[in-house]
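Student: I have not looked at this structure before. Could we go through it by question and answer?

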Amino acid sequence: MAAFASIGAASSSGLPHLWYLCYVAGVPVSGVLLSLVLQAGIRRLEMRSLTGRWVRLIPLLLVIVVIQAAIDQWFYELMREVFGRKPTGEYLRALALNTAVYVWIFIIQALIFELIAAMNRAARNARNAEEAREAARAAQIEALRNELNPHMLFNTFNGLSSLVLSGRNAEAEMLLERLSIYMRACLDGADAALVPLAEEIELVEAYLAIESVRFASTPDVRIDCPDDLAEAAVPRLILQPLVENALKYAVHPSRGAASVTVRAARDSGRLRLTVEDTGTGAGAVPPGGTGRGLSIVSRRLETLFGADASVNAGRDESGFRVDMLLPLSAVALESGARPR
């Protein structure tokens, strides 16, 4: 309005005529409505890539520009006629000129809407990251509550004492190292929502070493992780609860006759993590329930990745299987950030 009024004042060498002021006041009505259409289009396409979004926005932008240019010139001629002025008679020429002007106006608006959308995405990602940190912290506390209880520690240290007294110092040292790794992973690094897959598998191995002391036998757990996926980013403590449930509800009730397999693989450009057992028990889900460990895993993946991640669990021919599908990306940690 300010720009058009200034043009009118300059062309009339003073205050614009009344008909022109009415035109200037009326044109923004359609402009605002069409701007809302443009903003709605940007919001609807927000989840697409920048290139994919603009490929679809450009046709919408051109349609909006032509509509606004036509309304502008129609309203301009209407105001002249209402106030007794002659029509300009140059509708097509004026339409082309208006189109050139409105292209820049609506492009600037689109860029402003893009900036607002980017700021909203950044704020939303910050909220999701904070929720992910809280979920990770809750999972760590849950792991400590369920596993590092006095009874487990008593059995672990009792096993360590037996190893030392029997002269098996190397095994005792290894077990202490595994227990240290496990406790550090549970207690430290609360701000690291994502860790390399190799580090998460190291945590599972530490947990299995502790379990072998508790039950005086080594659980049959097979881990299949290709070297090229070792640095894939996964949520901290995402595999351990599922392995724990498989041992508790499938392997131990089968008195060691069952096995657990942890597998990582590429799946159409994404990372698939699988935990499956061959037990006759309930697997990752206790009888009559949904499994707290599985529930925590599902909530954490949803918090971290939203619709980009999924969890499928259920029984198959051999036992119970949990499949997790999440984005495939690498995680870079600062030197010394990994547990030692």
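The turns below go from the whole chain to its sheet, its loops and its salt bridges.

Student: How many helices and strands does the chain have?
Tutor: Keep in mind that this is a predicted model. Of the 340 residues in the chain, 40% are buried. The chain's secondary structure comes to 9 helices and 7 strands.

Student: Among contacts between residues at least 6 apart in sequence, what share joins residues at least 24 apart?
Tutor: The contacts in question are those in the chain between residues at least 6 apart in sequence. The share of them that joins residues at least 24 apart is 73%.

Student: What part of the accessible surface belongs to carbon and sulfur atoms?
Tutor: The accessible surface of the chain is about 18,500 Å². The part that belongs to carbon and sulfur atoms is 59%.

Student: Which strands stand at the edges of the open sheet?
Tutor: The sheet has 5 strands in the order β2-β4-β5-β7-β6, and its pairing is mixed. A strand with a single partner has one side left without a neighbour in the sheet, so the strands at the edges are β2 (221–224) and β6 (310–315).

Student: Do β2 and β4 pair in the parallel or the antiparallel sense?
Tutor: Strands of a sheet pair through backbone hydrogen bonds, in one of two senses. R222 has T261 in β4 as its bridge partner. Over 4 bridges, β2 and strand β4 (residues 260–267) pair in a sense that is parallel.

Student: And in which sense do β4 and β5 pair?
Tutor: V260 has D277 in β5 as its bridge partner. There are 8 bridges in the pairing of β4 and β5, and its sense is antiparallel.

Student: How many bridges join β5 to β7?
Tutor: Strand β5 covers residues 270–277 and strand β7 covers residues 320–327, and the two run antiparallel. T274 stands opposite D323 in β7. The number of bridges that join β5 to β7 is 7.

Student: Is S268 buried or exposed?
Tutor: S268 is in the loop between β4 and β5, a hairpin with 2 residues between the strands. Its phi is near 55°, which is positive although the residue is not glycine. Exposed means over 50% relative accessible area. S268 has a relative accessible area of 73%, so S268 is exposed.

Student: Is L237 buried or exposed?
Tutor: L237 lies in the loop between β3 (233–235) and α8 (240–251). Phi of L237 is also a positive value in a residue other than glycine, near 60°. Buried means under 20% relative accessible area. The relative accessible area of L237 is 2%, so L237 is buried.

Student: How many disulfides does the structure hold?
Tutor: A disulfide is a covalent bond between the sulfur atoms of two cysteines. C22 is partly exposed at 28% relative accessible area, and C225 is partly exposed at 22%. The number of disulfides in the structure is 0.

Student: How many residues apart are R124 and E46, which form a salt bridge?
Tutor: The closest N and O atoms of R124 and E46 are 3.2 Å apart. R124 is in helix α4 (residues 91–147), while E46 is in the loop between α2 (18–44) and α3 (50–82). R124 is partly exposed at 31% relative accessibility, whereas E46 is buried at 16%.

Student: Which parts does the salt bridge of R236 and E199 tie together?
Tutor: The N to O distance in this salt bridge is 3.8 Å. Both R236 and E199 are buried. R236 and E199 are 37 residues apart in sequence, so their pair ties the loop between β3 and α8 to helix α7 (residues 197–214).

Student: Which residues form one network with E276 and R321?
Tutor: E276 in strand β5 and R321 in strand β7 are 45 residues apart, and their side chains meet in a salt bridge of 3.1 Å, N to O. E276 is buried at 14% relative accessibility, while R321 is partly exposed at 27%. Through salt bridges that share partners, E276 and R321 are joined into one network with R263, D267, R272 and D323.

How values were computed: Residues are numbered from 1 along each chain as its sequence is written. This is a predicted model: local features need pLDDT of at least 70, side-chain atom pairs count only at pLDDT 80 or more; totals for chains, interfaces and linings use all residues. Side-chain values use heavy atoms; hydrogens and water are left out. Buried means under 20% relative accessible area, exposed over 50%, partly exposed in between (1.4 Å probe, protein chains only). Contact means heavy atoms within 4.5 Å. Accessible areas come from the Shrake-Rupley method with a 1.4 Å probe; for residues, only the protein chains shown count as cover. Two strands pair if DSSP finds at least two bridges between them. A disulfide is a pair of cysteine sulfur atoms within 2.5 Å. A salt bridge is a side-chain nitrogen of Lys or Arg within 4 Å of a carboxyl oxygen of Asp or Glu.
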